[in-house]
Amino acid sequence: MYDNRNTQLTKWLNDGIPPAQVAEWAGNSVAVLLATYARCVDGQLPDRSP
């Protein structure tokens, strides 16, 4: 169930839904949401994989 939640939150962020709205739906603060999902949002941070 938690994997489905992560998938949905990532999808909403990638679809351009404002982080404040996604955080509200998730029951988190924006800071927690972005700290957790920042690397999952397309085009936000470079991939640091070796």
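Val-41 touches Leu-13 and Asn-14, leaving aside residues up to four places away in sequence. What you are looking at is a predicted model.

First, the confidence. The average pLDDT for the chain is 83, and 80% of the residues score at least 70. Among the helices, α1 has the lowest mean at 87, while α2 has the highest at 94.

Now the layout. There are three helices and zero strands, and along the sequence the pattern reads α-α-α. Helix α1 covers residues 2-14 and helix α2 covers residues 19-26. Helix α3 covers 30-37. The chain has 50 residues, of which 18% count as buried. Taking contacts between residues at least 6 apart in sequence, 32% join residues at least 24 apart.

Back to Val-41. Which residues make up the largest nonpolar core? There are eight: Leu-9, Leu-13, Val-22, Ala-23, Ala-26, Leu-33, Tyr-37 and Val-41. Helices α1, α2 and α3 are the elements that give two or more residues to this core. The largest share, three residues, comes from α2. In soluble globular proteins in general, nonpolar side chains tend to be buried together. Val-41 and Leu-13 are both members of the core, and they also touch each other.

Next, Thr-10. This residue sits in helix α1. Is Thr-10 buried or exposed? Thr-10 is buried, because its relative accessible area is 17% and the cut-off for buried is under 20%. Its side chain reaches the backbone oxygen of Asn-6 at 2.9 Å. Setting aside residues up to four places away in sequence, Thr-10 touches Tyr-37 and Cys-40. Tyr-37 is one of the core residues I listed.

Then the aromatics. A search of the whole structure gives one aromatic pair. Trp-12 and Trp-25 form that pair, with 4.8 Å from centre to centre and 65 degrees between the planes, in an edge-to-face arrangement. The pair links distant parts of the chain, with Trp-12 in helix α1 and Trp-25 in helix α2, 13 residues apart. Trp-12 counts as partly exposed, at 23% relative accessibility. Trp-25 is also partly exposed, with a relative accessible area of 46%. Why is neither of them called buried? Because buried requires a relative accessible area under 20%, and the values here are 23% for Trp-12 and 46% for Trp-25.

On charges, the structure holds one salt bridge. The partners are Lys-11 and Asp-15, whose side chains meet at 2.6 Å, N to O. In general, side chains of opposite charge can pair when their charged atoms come close. Lys-11 is partly exposed at 44% relative accessibility, and Asp-15 is partly exposed with a relative accessible area of 48%.

Last, Asp-42. Where does Asp-42 lie? Asp-42 is in the segment after α3. Asp-42 is exposed, with a relative accessible area of 60%. Lys-11 is the residue that forms the salt bridge with Asp-15.

Technical notes
Residues are numbered from 1 along each chain as its sequence is written. Side-chain values use heavy atoms; hydrogens and water are left out. Rings of Phe, Tyr and Trp (its six-membered ring) pair if their centres lie within 6.5 Å; planes under 30 degrees apart count as stacked, over 60 as edge-to-face and the rest as tilted. Helices (H or I, at least four residues) and strands (E, at least two) are DSSP runs, numbered from the N terminus. Buried means under 20% relative accessible area, exposed over 50%, partly exposed in between (1.4 Å probe, protein chains only). pLDDT is the predictor's confidence in each residue, from 0 to 100. A nonpolar core is a set of buried Ala, Val, Leu, Ile, Met, Phe, Trp, Tyr and Cys residues joined through side-chain atoms within 4.5 Å. Contact means heavy atoms within 4.5 Å. A polar contact is a pair of N or O atoms within 3.5 Å; within protein, one must be able to donate a hydrogen and the other to accept it, and residues adjacent in sequence count only if both atoms are side-chain atoms. A salt bridge is a side-chain nitrogen of Lys or Arg within 4 Å of a carboxyl oxygen of Asp or Glu.
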